[in-house]
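Hello,

Here is the structure I promised to pass on to you. Have a look at it first, and my notes follow below.

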Amino acid sequence: MSRSTATLIWLFANKFLPLHFQNKTAMLFDKVIFGPIRSRRLGISLGVNLLPPTAKVCNFNCIYCECGWNTSGSKPALNSREEVATALRAKLTEMKVAGECPDVITFAGNGEPTIHPEFEAIIDDTLALRDELCPSAKVSVLSNATMLHREGVCRALRRVDNNILKLDSGIDATARLMNGPQQPDYSVAKVAERIAAFDGEAIVQTMFLRGEVDGAEVDNTTPEEVEAWLALVEQIRPRQVMIYTIDRATPAPNLHKVTREELEVIAARIEAMGIPCSVSA
Ligand code: SF4
């Protein structure tokens with residue numbers, strides 16, 4: 001994947017096109033299909049949101065999530081397989097007729113796409129629509145890697161062009177602080193083992209930041225943190241690593257960006273392993 005494509009995916013991951021502001025820090029996509037983003041440099045990218053248009057649904061609660069904090073109470077229904085296929089067919093047809101097929105179709109949106117019970121079937125539908133209408137488009141999925149115990153999710157992720165999986169720390173306590181996983185037995189070792197099972201076809205995505213959360217310091221750029229994370233990346237041997245930092249307001253108020261220079265130093269260590277690494281800062 002080119003650096004520009006990696007950057008484009010990062011833009012989707014960071015809600016480049018906010019359509020509905022929930023509060024001053026959170027933003028939600030209010031449609032099943034969002035975009036496209038058109039850029040002379042990056043090409044054309046179309047987003048797919050499997051989650052409800054009015055609520056975030058995720059089994060993480062990341063301190064930097066641009067959808068905001070998770071909320072309690074009942075949630076609206078997820079977008080159905082049929083809704084997704086219908087909306088995607090309509091949009092791809094419109095773009096094909098206009099002579100502007102997307103360069104990439106990206107599953108991101110208001111939460112974690114792989115929790116959708118029909119995720120595998122939706123990916124199959126998407127690949128079929130892509131092949132029929134815009135065969136040059138790549139299909140990308142941004143996931144927090146928590147559903148890799150489901151065989152159907154792994155099968156689907158093996159079929160997409162860019163399987164992009166979150167791994168923010170090599171230390172459990174830091175991952176818990178940064179990501180707020182709902183799974184009591186969450187462990188970065190187990191997640192790394194499952195990502196490694198993609199045999200070098202996965203892409204690892206990592207947010208670097210520092211600051212304070214509920215009185216606790218968080219900083220995944222310390223030497224101890226970077227060493228632990230590098231060890232997992234070495235174990236996984238992904239096709240690529242994408243590292244980035246905060247770009248806009250976060251639900252946790254006291255978080256800070258790290259500098260591009262710091263990210264470049266980390267990226268150089270990944271590149272030294274023979275793994276391409278893109279930086280967005
Ligand atoms: S994985 Fe984290 S950043 Fe992504 S939607 Fe869930 S809480 Fe937000």
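Which strand holds Pro36? Pro36 sits in strand 3, residues 33–39 (strands are DSSP runs of E of at least two residues, helices runs of H or I of at least four, both numbered from the N terminus). The peptide bond between Gly35 and Pro36 is cis, with omega at about 5°.

A word on the source: this is a predicted model, in which local features need pLDDT of at least 70 and side-chain atom pairs count only at pLDDT 80 or more, while totals for chains, interfaces and linings use all residues. Residues are numbered from 1 along each chain as its sequence is written, and side-chain values use heavy atoms, with hydrogens and water left out.

Another backbone detail is at Asp214, a residue other than glycine with a positive phi, near 50°. Asp214 lies in the loop between strand 9 (210–213) and strand 10 (216–219).

Now the helices. Helix 2 (residues 81–97) packs against helix 3 at an angle of about 20°, and their axes are 10 Å apart (axes are lines fitted to C-alpha atoms, for helices over the stretch in contact, with angles from 0 to 180 degrees between N-to-C directions). Helix 2 is therefore roughly parallel to helix 3, a term for angles under 35 degrees. Helix 3 (residues 119–133) and helix 4 (residues 151–159) also pack at about 20°, with axes 8 Å apart, so these two are roughly parallel to each other.

Around the ligand you will find Lys56, Cys58, Phe60, Asn61, Cys62, Cys65, Gly111, Asn144 and Lys166, each with a heavy atom within 4 Å of it. This shell divides into four nonpolar, three polar and two charged residues (Ala, Val, Leu, Ile, Met, Phe, Trp, Tyr, Cys and Pro count as nonpolar, Asp, Glu, Lys and Arg as charged, and the others, Gly among them, as polar).

Methods
Parallel < 35°, antiparallel > 145°, perpendicular 65-115°, else oblique.
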